[in-house]
Amino acid sequence: MGLELYLDLLSQPCRAVYIFAKKNGIPFELRSVDLRKGQHLSDVFAQVNPRQKVPALKGPHRPVPVWMSTWPGSTQPCGETASRSCGIR
């Protein structure tokens with residue numbers, strides 16, 4: 001099994017990941033996630049990305065986050081005042 005990309009191509013970040021993978025010849029299977037229907041909020045999708053965000057990537061062994069809405073160990077989104085910096089400038 002190869003890479004699986006979970007995307008909604010109406011989303012600009014999803015299109016960016018899709019174009020990057022295509023232009024660089026990265027083999028993947030496209031798994032459509034309809035954000036308007038709330039498919040990203042399902043329990044099934046939560047197994048792929050517990051944060052229920054797209055784009056998401058599932059590798060041969062486990063899901064891999066593509067976008068981090070919060071820095072690991074932090075409870076606040078990056079860019080907001082937090083007890084420690086997320087390192088993104």
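I began with the order of elements: from the N terminus on, the chain runs β-α-β-α-β-β. That comes to two helices and four strands. I am working from a predicted model. Of the 89 residues of the chain, 26% count as buried. I also looked up contact separation. Among contacts with a separation of 6 or more, 42% join residues 24 or more positions apart.

**Core**

Which residues make up the largest nonpolar core? I list 12 residues: Leu5, Tyr6, Leu7, Cys14, Val17, Ala21, Val33, Phe45, Val48, Val54, Ala56 and Leu57. I then sorted them by element. At least two residues of this core come from each of β1 (3–7), α1 (12–23), α2 (43–48) and β3 (56–58). I note the background: in soluble globular proteins, nonpolar side chains tend to be buried together.

Leaving out residues up to four places away in sequence, phenylalanine 45 touches Tyr6, Val33, Gln39, His40, Gln52, Lys53, Val54 and Ala56.

**Helix α1**

I checked the length of α1 next. At 1.5 Å a residue, its 12 residues should span 16 Å. The end C-alpha atoms of α1 are 16 Å apart, which agrees.

Which residues of α1 are buried? I find Cys14, Val17 and Ala21. They cover an arc of only 65 degrees around the axis, so they sit on the same side of α1. I looked up what this side meets: the buried residues of α1 pack against β1 and β2 (28–32). I then turned to the opposite face. The face of α1 turned away from its buried side carries the exposed residues Phe20, Lys22 and Lys23.

I followed the chain past the helix end. Just after α1, glycine 25 takes a positive phi of about 65 degrees.

**Aromatic pairs**

How many aromatic pairs does the structure hold? I count two.

I took tyrosine 6 and phenylalanine 45 to begin with. Their pair is edge-to-face, at 5.9 Å centre to centre and with 65 degrees between the planes. Tyrosine 6 lies in strand β1 and phenylalanine 45 in helix α2, so the pair ties together parts that are 39 residues apart in sequence. Both tyrosine 6 and phenylalanine 45 are buried.

I then took tyrosine 18 and phenylalanine 28. Their ring centres are 5.8 Å apart and their planes stand at 80 degrees, so this pair is edge-to-face. Tyrosine 18 lies in helix α1 and phenylalanine 28 in strand β2, so the pair ties together parts that are 10 residues apart in sequence. Tyrosine 18 is partly exposed, with a relative accessible area of 24%.

**Glutamate 4**

Is glutamate 4 buried or exposed? Its relative accessible area is 4%, so glutamate 4 is buried. I place glutamate 4 in strand β1.

I looked for side-chain partners. The side chain of glutamate 4 makes a polar contact of 2.7 Å with the side chain of tyrosine 6. Another polar contact, of 3.4 Å, joins the side chains of glutamate 4 and arginine 31. I listed the contacts of glutamate 4 as well, leaving aside neighbours within four places in sequence. They are Glu29, Arg31, Ala56, Leu57 and Lys58.

Technical notes:
Residues numbered from 1 in each chain as written. Predicted model: local features only at pLDDT ≥ 70, side-chain atom pairs only at ≥ 80, totals over all residues. Heavy atoms only, no water. Core = buried A, V, L, I, M, F, W, Y, C linked by side-chain atoms within 4.5 Å. Buried < 20%, exposed > 50% of the residue type's maximum accessible area, 1.4 Å probe, protein only. Contact = heavy atoms within 4.5 Å. Polar contact = N/O pair within 3.5 Å; in protein donor to acceptor, adjacent residues only side chain to side chain. Expected span 1.5 Å × (residues − 1). Arc of directions from axis to C-beta. Phe/Tyr/Trp six-rings, centres within 6.5 Å; stacked < 30°, edge-to-face > 60°.
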